[in-house]
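These are my notebook entries on one structure. I set out to look up the ligand site, the pockets and the backbone geometry.

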Amino acid sequence: MKSFPEMLLCCSSDHKPIPLVGFGTAVYPLASSETMKQSILHAIKHGYRHFDSAALYQSEQPLGESIVDAIRLGFIQSRQDLFITSKLWCSDAHPHRVLPALQNSLKNLGLEYLDMYLIHWPVSSKPGKYEFPVNKQELLPMDFKSVWEAMEECQNLGLTKFIGVSNFSCKKLQLLLATAKIPPAVNQVEMNPLWQQKKLREFCEKNGVHITAYSPLGAKGTIWGSNQVMECEVLKQIAKARGKSVAQVCLRWVYEQGVSVLVKSFSEERMKENLHIFDWELSAQDSEMINQISQYKGCAGVEFISDEGPYKSLQDLWDGEIV
Ligand SMILES: NC(=O)c1ccc[n+]([C@@H]2O[C@H](COP(=O)([O-])OP(=O)(O)OC[C@H]3O[C@@H](n4cnc5c(N)ncnc54)[C@H](OP(=O)(O)O)[C@@H]3O)[C@@H](O)[C@H]2O)c1
């Protein structure tokens with residue numbers, strides 16, 4: 001099996017590198033467990049080695065079952081061949097709930113450890129529910145310091161190789177870095193040619209935080225995304241000139257920015273297409289054209305904005321970093 005590019009995470013020479021293309025498992029509307037399992041198995045067969053799941057996505061159990069099947073079918077030798085991420089949902093983002101939440105994710109996955117455990121959003125909610133959108137009356141401020149200490153305990157116990165965050169602005173990362181004993185290895189955020197994250201990328205690079213890009217195709221067809229990326233005229237023009245698809249142009253662009261990328265497709269053809277981004281490159285002119293695209297944030301996080309909650313506006317949630 002052909003292997004795809006990987007990158008060492010900061011301070012991790014003794015750990016497995018992160019494969020730069022990962023497979024997303026957030027599906028809208030929710031798929032059956034069997035569909036998810038089959039899709040993940042196809043993805044392993046075609047060479048994906050990095051899988052992104054979350055307590056919220058209900059994908060942990062099918063992912064775990066696919067890993068067992070993939071080993072049985074000889075697609076991989078062992079669990080060590082894979083890089084597995086899961087995430088702490090808002091309702092578990094309370095210091096005493098973090099370790100039990102990770103233990104529950106491991107039980108769902110049938111694994112002894114994760115490669116990466118992330119705080120899903122910088123917000124907590126009333127314990128007990130795994131739903132999106134979160135009931136706005138149940139949103140609560142997150143105690144970053146204590147929640148992060150509990151994440152650190154998870155890594156110290158060997159239950160996850162790395163810990164990180166998702167949907168954090170530079171300002172929130174700075175806050176976390178000020179008291180963290182273990183710095184976050186990753187910030188998983190929306191990134192595509194229409195939301196290029198230049199400021200956040202610069203900040204993360206300076207601080208040794210690796211970026212993983214989600215919704216690289218704009219998550220069309222979901223409640224958190226739109227068709228804007230796939231329908232972008234500049235991207236269509238570049239795709240036509242290169243003889244590639246718009247999806248491949250998006251994925252190649254993200255890859256050329258030196259970050260890792262997660263892409264979801266449950267179609268076997270499209271999951272193969274999405275891996276064909278390594279044997280060609282964008283020209284300087286293509287990159288310049290992409291640089292000039294007007295910026296539009298697809299996954300704004302309006303679901304986390306409420307008059308009674310910790311964030312009263314999108315400016316609060318993203319600390320003014322969305323303009
Ligand atoms: N941390 C977070 O808050 C967060 C938020 C969002 C996503 N994520 C993670 O990132 C992963 C990827 O992002 P995403 O799922 O939001 O969006 P995405 O990967 O940008 O887009 C997925 C959509 O594009 C379609 N698609 C995939 N490949 C295609 C191709 N070659 N041509 C045309 N359409 C294609 C898929 O449909 P088909 O399946 O029919 O191909 C699906 O509708 C998620 O699955 C999840 O694991 C994390």
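Predicted model: local features only at pLDDT ≥ 70, side-chain atom pairs only at ≥ 80, totals over all residues.

The entries below follow the order in which I looked things up.

Entry 1. I asked which residues come nearest to the ligand. The ligand has 29 residues around it, and the nearest are Asp-52, Trp-224, Lys-264, Ser-265 and Arg-270. I then sorted this shell by class and found 13 nonpolar, ten polar and six charged residues.

**Entry 2. Polar atoms facing the ligand.** In Arg-270, a side-chain N or O atom is 2.6 Å from an oxygen atom of the ligand. In Ser-166, the side chain places an N or O atom 2.8 Å from a nitrogen atom of the ligand. For Glu-273, I recorded 3.0 Å between a polar side-chain atom and a nitrogen atom of the ligand.

**Entry 3. The largest pocket.** Where does the ligand sit? I found that the space it takes is the largest pocket. The volume of the largest pocket is about 1,000 Å³. Its lining consists of 40 residues, and nearest the centre are Ala-26, Val-27, Thr-222, Trp-224 and Lys-264. Strand 12 and helix 9 are the elements that give two or more residues to this lining. I note that Trp-224 and Lys-264 are named among the residues nearest the ligand and also among those nearest the pocket centre. By class, I recorded 21 nonpolar, 13 polar and six charged residues in the lining of the largest pocket.

**Entry 4. The second largest pocket.** I turned to the second largest pocket, with a volume of about 310 Å³. It is lined by 17 residues, of which Trp-195, Gln-197, Lys-199, Glu-321 and Ile-322 are the closest to its centre. Which element gives the most to this lining? I found helix 6 (residues 198-206), with three residues. The class count for the lining of the second largest pocket is eight nonpolar, five polar and four charged residues.

**Entry 5. Backbone geometry.** I looked up cis peptide bonds and recorded one between Tyr-28 and Pro-29, with omega of about -15°. Pro-29 belongs to the loop between strand 3 (21-24) and helix 1 (33-46). I recorded another cis peptide bond between Phe-132 and Pro-133, with omega of about 0°. Pro-133 is placed in the loop between strand 7 (124-125) and strand 8 (139-140). I located Gln-58 in the loop between strand 4 (50-52) and helix 2 (60-72).

Key:
Residues numbered from 1 in each chain as written. Heavy atoms only, no water. Near = heavy atom within 4 Å. Polar contact = N/O pair within 3.5 Å; in protein donor to acceptor, adjacent residues only side chain to side chain. 1 Å grid on protein atoms, 1.4 Å probe; cavity = no way out; pocket = protein on both sides within 12 Å on 5 of 7 lines; lining within 4 Å. Sits in = over half its atoms within 2 Å of the grid points. Nonpolar A, V, L, I, M, F, W, Y, C, P; charged D, E, K, R; others polar. Points joined across faces, edges and corners; volume = space filled by probe spheres on them. Helix = DSSP H or I, 4+ residues; strand = E, 2+ residues; numbered from the N terminus.
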